[in-house]
Structures are given as C-alpha cells and as structure tokens.
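Dear colleague,

I am handing over the structure below, and after it I set out what was found. Please read the notes with the model open beside them.

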Amino acid sequence: MAEQVARKAGDSAAPPRREAGAFLRDPRVRAVLYQILVLGGVILLVAYLVSNTMDNLEERSIRTGFGFLSNEAGFYIGETTFVAYEASDSYGQAFVVGLLNTLRVALLGIVLSTIIGAIVGIARLSSNWLIAKLASVYVEVMRNIPLLLQLFFWYGAISFLLPSVRDAITVIPGVFLSKSGLQYAVPVSHPIHPWMGLAFLAAIAACVVYYKWAKRHQAETGREPNLLLPSLGMLIGLPALVWLAGGAPTQMDVPELATFRYVGGTSVTPEFLALLLGLTFYTAGFIAEIVRSGIVAVAWGQTEAASAIGLSRTLVLRLVLLPQALRIIVPPTTSQYLNLTKNSSLAVAIGYPDLVSVGNTTLNQTGQAIECISIMMACYLTISLSISFFMNWYNKHIALVER
Amino acid sequence: MRRTKWFAAATVAAFVGAAGVAQAGDTFDSVMERGTVRCGVNTGLAGFSIADDQGNWTGLDVDYCRAVAAAVVGDSDKVEFVPLSAQQRFTALQSGEVDVLSRNTTWTLTRDVSLGIHFAGINFYDGQGFMVPADLGVDSAKQLDGAEVCVQTGTTTELNLADYFRAQNMSFKPVVFEGFEESLSAFFAGRCQVYTTDKSGLAAIKSVDAPNPDDYKILPETISKEPLGPSVRRGDDAWFAIAKWVLIALVQAEESGITSDNIDDMKANSDNPMVKRVLGASGDMGEKLGLDPEWAYRAIKQMGNYGEMYDRNVGMESPLGLDRGLNAQWTDGGLMYAPPIR
C-alpha cells in the first residue's frame, strides 16, 4: 500500500523534480519516512483531541485533575477485601477497595474455571456416552447464553430460593446460609496465625525441593518415590505443628443473629457468589472446548505409540498427551482469562462493588468522568497485561524445546 | 504500545466528539432549528417521569419539559425525552445530548459549581427517607443499626445514607445497584431489610411498584434536604434564563390564580398588572427572554400552572397522593415563591 502511494507520488511529480521522486523511492528513506509520518499524525490527532477536551472542560468550568482522589469519599462500600475502608476515607482508597474486589473475584474465577473447564473438556472425550453428552450440553448451554443473563439468573436464584436472614439455613453449626449470603465462623485472630502462614509457605518450598529430589532419584534408580503423601504431610503437618506449639488456640468467632443479620465471623455475599458462579461457569464452557481441542489435536499415533510401550491410560494422558496439548491450550486460554477479568465489570448489574461500581459512584459524586474512566481503564489494562505477561512466560516455559 | 495509544485516543475522542456538539449560547437556536426540546428524564419514576405502554411520558419533571417546549417551540408535544440513569445524567447534559435535565436531581454545591451545569430552580422540595417491610418490627430509623440497605448508585442518597449513619453512630451494610429496577427488585426479594431514596420516590414505589403496598411502610424520619430541580448546561445564559423563568412563570401562575381552564378569560379580562405581564397582555417580558409575548401563556394553557401539575402527577389526584407540604405556595405556608415577573 505504502509502496503504491509512493509510486504515485513519484509519477505525478514534474520531470525537473525527479530527484525528489527518487528520494521518495529510496527504500531506506521509505522505511523510516512513512513511519515518522504516521507517528506524527497520531501524535497530532491525540494532541488535538486532548487540547479540545481541555478547552471544552474549561469553557463549562468542569473541574479537572486528579486532586479529588485525596478528598473524603463519603460513601460506604458493601464489602472489602484485605483492607479496611470507612466513609471518611478518600476516593483513592475507595478505588483501591474496588480494585481489590475485582482482583479477588477474577483470581478465584480463573482458578475455578480452569479446574471446571479442564474436567468438562476431558469429560467430553470420555468413552462413557452419558458423561460425554452431559459435558457437551454443559458447554453448549454455557457458551450460548449471554453472561449478563447468567449473572441475573444466579443472583435471582440466590435471592429467591434462599430464606430470609431470620430463617437462615444452618448448614453445619456456625455456618449460616440466607439471602444475605453465607456467614461462617472463623478462628479468632491470634498471634500464631501469621506464623502458621509462614509455615505453610515453608512447606510449599520443601515440597518443591522434595519434588526435584524425587525426579533425580527416579532418573538415577528408575524407582519413583511416593509424591502425594509426603507433600500433603508437609503442607498440613508443618502449620499444624506451629499451631500446637502456639498453644493450640481453638476460640472461634461464631456469627450470631443480631436484629437484622448475622454479625461476627466472615461472610460471602450473594453478589460475590453470583458473580463468581456466573463468571466461572461461563468461562469454564469456553475453556472446556479449548482443552478438548488441544487434546484432540495431538496425533492419535502418539497415544498408540505410548500404549504400545506399555504405559497405562493415566500415564499416557499425563506424560504424552497433556504436555503436547498444553502448548495448544495455553495461548487461547490466556484470552479466556483476560475475558473473565474484563467480564467481571458486569458486577455493577448485580450490586457487587468492583472497580467499575466504585469508579462509577466516584464519577457521579465528583463529576470527573474523564479522570475516573481513565483510572478504570488503566487498572484493567494493567491487570490484563500482567495476566498476558505471566501466561506468555508460562507458554515459553512449556513450549517445545528444540535441540 | 501503539494499541494503548489508539485506545486512549479513541476514548478521548468519544468524550470530545460528544462535547463538540454544542457551543455556548446556541441552545435556543439549535432547539428552534430542530423544532424540539431534548429533555433528560428519569428512566421510570412514577409521578416524576414514567412512560406508559404506549410510550407517552407523564410526571412532574416531564410536564416541566413540556412547558418549556410550549414556551419556546410553541407546542408541548415537541419534546424528545431521553431516559437517563442517575449516572448518565450529568454527562448527557454536559455533552449536549439533552438541552434540559429534568430528572429529580438534587441541587448541591458540588454539582452546581464543578459539573458544568446550572440549576434553573426547584420544582420539588423533597427529603430522603427509609422504607422497610411492615413485618420487620421497626418504627424509627434510629432502630436500623446493622441493617442492610439497598440503594441506587450515583445519587446524593448514597452520601446522605452514609452521613446519617455516621452521625447516629450506627453501622449498616450498603448493597449498591447501578439500576433503579435492580435495586428495587433486590429489596422486594428480601436481599435488604431497608430501601432508601427520596420520600416522594418511596411513596411512588410503595403505591406503584410494591407487590402489595400494605406490606411496606415508610419510616417517619426525613434525613436530608433534597431540593429537586431542572438544570441546564453552563455557558449559555440565554437558555439558562428561559429554563429558569418558565419554572417561575408556572409557580407565579398558581399564585395569581391562572389555570389552564380560566387562562383565556384572565387574558382577556384581567386588570391585574402581574397577570397581564405573565400572559403577555402588557410589558415585554417575552422579548427580554428572546421569546414572543405569549411564551408563558402557551406553557400555562397547555400544561396548567404548577399546582395543577403537582396535583395531577404526585398530589391528591395521583396514585402517590402526596400533600403539598413544603411544595405549597408561600402564601399557604410552603416554599414555592416566585420572584417577580417584571
């Protein structure tokens, strides 16, 4: 295209100015010149749009700038993740709460949808007719109903099917289920808890070391040490030991029915639950198809060859099929993760205080639409790029290593 | 990187593109050219702005828009109603999508000063209240400590709610919805024990939206002042004056006893100088506004005076059945007080 334009420009130039045409036809010049022109055009356009916006805002005396972020927000947020928030805190802090709420639902959704998607995807290939058909029905239903409707469905189901707070279902003592969500007992905060967390991290590190040792051991001796039991033992045992050493505190913060709702313990709100269920089941439908196509894409000969050397069906799946299928599965799955994260912004429809919900409220109270929208876009862009970055790293990690 | 840049450019363009539509001072011209007034209204609030199954809009806020259209264009039907959510309303006005915003909007300092809009007056004095299920056993807002409250986002309601509970040293848990319908259906489904909005809104919800009005009650406390009124874009003083004085003329008409029924008689026979000035029989009030002499005559003739609008939409003749209260004429002990039309 650029070449054609260049040629035309050269043709139309009058004979005495042939040198200019020749200059334009020089591939080295062309390679740089047109890029500079395009870039300059983009910069001019952006500059024009920004200055026009600023002029318009000025003319109508609409306040601009990010100074409002340190002002008192004045509104409450229904649920918070990790950080405490009061109405007297700033808009900036409100944004942080919204962002963390988004991250919480997105991360949980990614983990759960991957698990469910993998199970359903493999189930579609099952030789059991019923399981395969059920998995197909799941995929078709989930993929073909708009997510917003699914969210309304889950939220409606929770609001209508569950009893009101006063008649809450006691699932097990200390765990109550009602229209106000799931309220459950948690251990009363104790100084030993952070140490238990540390012990758990140490156990994970120990598992990694043990796993590497096991691999080496197997390579040297041909015998595979048991992996599951020692790992589980470390993961549960280490924190338990710390807990015992800390005097085994057993005091629980049990929810009790106050005038209107259960107070104490921790709760999962219906809004969060509906959003998580909707996002998870919807995205799992897509991931299932990706997993299935990834497995089918590995040549049948691989399976036959693996069986021929005497590997069991599980080992065929684990050692031959999945490592090759993963290379096909990971890139499209990355975009599903991105979709899930972005789709979480539908939370506003069902009252979950995610980034967009908090951002919209702020936008309305301050009237600074451009700033608020920019913040939201920057947040989603950062989250999405982080996910992409991680998944690309993982993709490289599992890619075929050519020798 | 390139993608990021385009994204930013596209976003800015979206804002500016909209903002470029209107320029200062030309709202009147563009209304005359178009032949209609574009009016931002609520998506559906009985008594204020609601569309029936044939798409006919009714309500106090809607009638104000029709009165403006009657005064400016000459016909109260020459209105394009643009239903707006609480969130969209200011952006729609700022960007020129609507000429007037008449959407039960509370006049506050922040909105008046930093949103690029002007409030043209007050057409309804309201206050925020609480609605609870009758069987909750609550008689006062002071008993609401710890309750879950359903509320619509982007409103002063959300802020008043926080202020009230902070002042009373009580706690609550907000469940915030973007949509009015969603917030209501969550409340009726029992997700929250309390619903809060302006008291006129509560009356509308109780009488029109509730499955059974007797199952709900409105608590006596009024926790805020909510002066609701129409607003226009900044930077167009001529249009601002028209929006302001149409509202004043409607209120003055009630005070002077001019109704849609007796208006022709009054115009022909009244010797009252105020009545003559309002109806264009003397003076040059219309000319000063850049309109013809019969601007107020048409508005009152076609839509009735403020009192008629009130009774028809939210007053005793309507399902809401609100008494005049603060919205009575100042001569009757209310707050409706029209500056002199002279």
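Predicted model: local features only at pLDDT ≥ 70, side-chain atom pairs only at ≥ 80, totals over all residues.

UniProt positions are given here in the numbering used for this model, with feature names shortened, and the annotations may be inferred rather than shown by experiment.

Residues are numbered from 1 along each chain as its sequence is written, chains are lettered from A and ligands numbered from 1 in the order in which they are written, and side-chain values use heavy atoms, with hydrogens and water left out.

To stay with chain B, the span 36–266 is 35% helix and 24% strand, and its end C-alpha atoms lie 29 Å apart; helices (H or I, at least four residues) and strands (E, at least two) are DSSP runs, numbered from the N terminus. The domain assignment of chain B gives domain 1 (26–123 + 229–321) and domain 2 (127–225), with bounds that come from an automatic or database domain assignment. Taken over C-alpha atoms, the centres of these two domains of chain B are 30 Å apart. Between them, 13 residues of domain 1 are in contact with 14 residues of domain 2, where contact means heavy atoms within 4.5 Å. The two domains bury about 1,100 Å², of which carbon and sulfur atoms give 58%; buried area is the accessible area (1.4 Å probe) that two parts lose on being put together, summed over both. The side of domain 1 of chain B that touches domain 2 has six nonpolar, four polar and three charged residues, where Ala, Val, Leu, Ile, Met, Phe, Trp, Tyr, Cys and Pro count as nonpolar, Asp, Glu, Lys and Arg as charged, and the others, Gly among them, as polar.

Turning to the interface of the two chains, the contact takes 51 residues from chain A and 55 residues from chain B, and about 4,500 Å² is buried between chain A and chain B, 58% of it on carbon and sulfur atoms. Two salt bridges are found across this interface, a salt bridge being a side-chain nitrogen of Lys or Arg within 4 Å of a carboxyl oxygen of Asp or Glu. The side chains of Glu72(A) and Arg166(B) meet in a salt bridge, at 3.2 Å from N to O. Among the elements that give two or more residues to the side of chain A that touches chain B are helix H3 (27–59) and helix H13 (369–398) of chain A, and the largest share of that side, 10 residues, comes from H3(A). By class, the side of chain A that touches chain B has 26 nonpolar, 17 polar and eight charged residues.

Within chain A, Glu79(A) forms a salt bridge with Arg104(A), the closest N and O atoms being 2.8 Å apart. This pair links distant parts of the chain, 25 residues apart, with Glu79(A) in the loop between H3 and helix H4 (91–124) and Arg104(A) in helix H4 of chain A. Over all chains, the structure holds 19 salt bridges.

As for the records on chain A, UniProt (unreviewed entry) lists residues 99–391 for "domain: ABC transmembrane type-1", a span that is 71% helix and 8% strand. The annotation "transmembrane region", also from an unreviewed UniProt entry, covers stretches including residues 105–126 and 192–211 of chain A. Residues 105–126 of chain A are 91% helix, with end C-alpha atoms 31 Å apart, whereas residues 192–211 of chain A are 100% helix, with end C-alpha atoms 28 Å apart.

With best regards
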